[in-house]
Amino acid sequence: MATRVWRSSIRDALFKKPKSGAAGGAVGPRLASTGAGAAPKIPPSSKKGRLLSGTMIGLAIAGGAYVSTADEATFCGWLFKATKFLNPFFALLDAEVAHRLAVSAASHGLVPIEKRPDPAILALEVWGRKFTNPVGLAAGFDKNAEAVEGLLGLGFGFVEIGSVTPIPQEGNPKPRIFRLRQEGAIINRCGFNSEGIVVVAKRLGAQHGKRKMEETSSSLPSSGDEVRPGGKAGPGILGVNLGKNKTSEDAAADYVQGVHTLSQYADYLVINISSPNTPGLRKLQGRKQLKDLVKKVQAACDEMQWAGEGPPPLLVKIAPDLSKQDLEDIAVVALALRLDGLIISNTTVSRPDPVSRHPLAGESGGLSGKPLFDLSMNILKELYILTRGKIPLIGCGGVSSGEDAYKKIRAGATLVHLYTAFAYGGPALIPQIKAELAECLERDGFKSIQEAVGADCRQTFHNS
């Protein structure tokens, strides 16, 4: 029996083929932004490619004697830890090639699948949707919805694809991704490289159809009032991040087109107006511009035909490079128009220490990773206080441990996003962060995520 479990797990983890437009899982190290159009292929003769593939298979076979006598949970834990051995191989590759290879591996199921349940303390409900944990993958890794199923299978509570533009575009010239490995950071100026909404809609449609078939064939009865775990694409929640084309003169029309085409497949939608790599995009964060834009997007959602669940929640992703007045304006608009959430934050154009002394500091683009943590934390706290905790916030920027995620939550985040840390740490980082976060909550006497949200800001409420 144990041998059959081992063989089945090896097959599922390493050789599972993608199904009609859906994708597999995620491999670690360098991700950044995907290229537009077809993925660049790694030549069959590539020594690095052959070495990487051989290592992946070898790791699985080498562990056979051990896992053949282990239960499924033990094997699952071993497989996640084994992915750490792949990180040095990805580090040898060009950043964008490594990312492309990671997405490709994810889409073919060449990654571990999380079989162990999340700690009960991490479960929460947001927007009427059940999250098994608050740790998500930020937009930018799977820009074109190639690996949704596998990324969710890695154990993320939610995954956000995109940014997706209406018309396919290649983005900025290469090279456009720069690793600052010792600083735990990345600078990118990808510029919304996207295959476009038509291609993405086909992939998400296949995922959505598969989920519906699974629900129909399920023998478990469901109540109309019951909030089911997972979302439209599978076991976790799927966010769709919308962008505008670089040459578009009507930004609102681009976002509305994204809503009309992709919202039916999304558990939540994001208006991305904070990338530093699309000229003029951040001007949409101004009070009047933001108000006009959100109204038009909300109207587009309202005019569509919806079942009883209604349109997906609408969020806005903002930049960390904002003044106090900018934040006050955003809070006013968010409260007045009843936005469903804010993502705080995108990458920064600043170069805080120690990045300022790095040889690559002069490269244009957005900085992500550990050096962004403090800046994004300050913006997060400020907006939690300005909105008085009435709007769910997703904390994004520099999260690389369970303690980091916990700090974001105490500062006002209901959910948290990973990106750069996942790029460097790979799949093994996900269960590690969840376990550390659960330990932090239990250590400080919290019984749930909701109890901890904004804990560091509540005294401010009492004093105001």
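Select asparagine 188 and glycine 366. Glycine 366, in strand β11, is the bridge partner of asparagine 188. This is a predicted model, where local features need pLDDT of at least 70, side-chain atom pairs count only at pLDDT 80 or more, and totals for chains, interfaces and linings use all residues. Residues are numbered from 1 along each chain as its sequence is written, and side-chain values use heavy atoms, with hydrogens and water left out.

Now show residues 185–188, strand β6. Strands here are DSSP runs of E with at least two residues, helices runs of H or I with at least four, all numbered from the N terminus. β6 runs antiparallel to β11, and four bridges join them. Two strands pair if DSSP finds at least two bridges between them.

The open sheet has three strands in the order β5-β6-β11, with antiparallel pairing.

Next, select residues 373–386, helix α12. What span should its 14 residues have at 1.5 Å a residue? The expected span, 1.5 Å times one less than the number of residues, is 20 Å, and the end C-alpha atoms are 20 Å apart, which agrees.

Colour Phe373, Ser376, Met377, Ile379, Leu380, Leu383 and Tyr384: they are buried (under 20% relative accessible area; exposed is over 50%, partly exposed in between; 1.4 Å probe, protein chains only). Look down the axis of α12: its buried residues fall within an arc of 165°, so they line one face. The arc is that of the directions from the helix axis to the C-beta atoms. On the other side, Asp374 and Asn378 are exposed.
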